[in-house]
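I opened the notebook to look up the fold of this chain and a few of its residues. The entries follow in the order I made them.

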Amino acid sequence: ENLFVDAYGSKTPINQLGNIAAPDPSTLTIQIWDSTLTKSVENAILESSLGLNPQIDGQLIRLPIPKLSEERRKELSKIASEYAENSKVAVRNIRRDFIELNKKQKKEENLSEDELKKSVDEIQKTTDEYIKKIDAILDLKKNDILKV
């Protein structure tokens, strides 16, 4: 879902271009619906930070999942950290948007200074709460990845 392919003039999630299956625990397969997109899907997988090497068989792409070495576990841990950081940025952007909305309402005299301060404090409290949740989930995931 997080892997996008240049298809039909736009970035399209890979799961909208074919069927994804797991025939066994160490292999993923992608059955591409449009054979002209096979090369684009292969390139998207190679350019991603997943570290997978696709094997093409007509419209079927096989993705053998390598055994988890210590080095690979550290790579996956870094990828999880990147996802967590992107999530934190998204939460902070939402906070910024809400604060700007409240400041705009204050300018339009629909909100008093005290109400603005209270609202900004509540927004910050909620933001901090979600940042802590993201950090907790990241810690759990890192422990899960690094556990042998």
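Helices here are DSSP runs of H or I with at least four residues, numbered from the N terminus. By that reading, I find Arg72 in helix H2. I note at the start that this is a predicted model.

**Entry: overall fold**

I counted three helices and six strands in the protein chain. Read along the sequence, their pattern is β-β-β-β-α-β-β-α-α.

I then looked up the dimensions. The C-alpha trace spans about 65 × 40 × 20 Å along its principal axes. The radius of gyration of the protein chain is 22 Å, whereas a compact globule of 148 residues would have one near 15 Å.

Of the 148 residues, 28% count as buried. Among contacts with a separation of 6 or more, 46% are accounted for by residues 24 or more positions apart.

For the surface, I noted an accessible area of about 10400 Å², with 52% of it belonging to carbon and sulfur atoms. The chain has 24 positive and 26 negative charges, and their mean positions lie 4 Å apart.

**Entry: helix H2**

I took H2 next, which covers residues 70-107. H2 has 38 residues and reaches 56 Å from its first C-alpha to its last, close to the 56 Å expected at 1.5 Å a residue.

Which residues of H2 are buried? I listed Arg72, Arg73, Ser77, Ile79, Ala80, Ala84, Lys88, Val91, Ile99 and Asn102. The buried residues of H2 pack against H3.

I looked at Arg72 separately. Why does Arg72 count as buried? Its relative accessible area is 11%, and the cut-off for buried is under 20%, so Arg72 falls in that class. Leaving out residues up to four places away in sequence, Arg72 touches Leu50, Gly51, Pro66 and Lys67.

I also looked up Asp97, which lies in H2. Is Asp97 buried or partly exposed? Asp97 counts as partly exposed because its relative accessibility is 41%, and that class runs between 20% and 50%. From Asp97 to Lys118 I read 16 Å, C-alpha to C-alpha, for a separation of 21 residues in sequence.

After H2 I noted Glu109, which has a positive phi near 65 degrees.

**Entry: helix H3**

I turned to H3, residues 113-146. The helix has 34 residues and reaches 49 Å from its first C-alpha to its last, close to the 50 Å expected at 1.5 Å a residue.

For H3, I listed Leu116, Ile123, Thr127, Ile131, Ile134, Leu138 and Ile145 as the buried residues. What do the buried residues of H3 pack against? They pack against H2.

I picked Ile134, found in H3, to look at one of these residues in detail. Ile134 counts as buried because its relative accessibility is 15%, under the 20% limit. Leaving aside neighbours within four places in sequence, I found Ile134 in contact with Ala84, Ser87, Lys88 and Val91. Of these contacts, Ala84, Lys88 and Val91 are also on the list of buried residues in H2.

I noted one distance for this contact group. Ile134 and Ser87 are 47 residues apart in sequence, yet 7.5 Å apart in space, C-alpha to C-alpha.

Key. Residues numbered from 1 in each chain as written. Predicted model: local features only at pLDDT ≥ 70, side-chain atom pairs only at ≥ 80, totals over all residues. Heavy atoms only, no water. Helix = DSSP H or I, 4+ residues; strand = E, 2+ residues; numbered from the N terminus. Rg over C-alpha atoms; globule rule 2.2 N^0.38 Å. Buried < 20%, exposed > 50% of the residue type's maximum accessible area, 1.4 Å probe, protein only. Contact = heavy atoms within 4.5 Å. Areas by Shrake-Rupley, 256 points an atom, 1.4 Å probe, with all protein chains shown as cover. Lys, Arg positive; Asp, Glu negative; His and termini not counted. Charge placed at Lys NZ, Arg CZ, Asp CG, Glu CD. Expected span 1.5 Å × (residues − 1).
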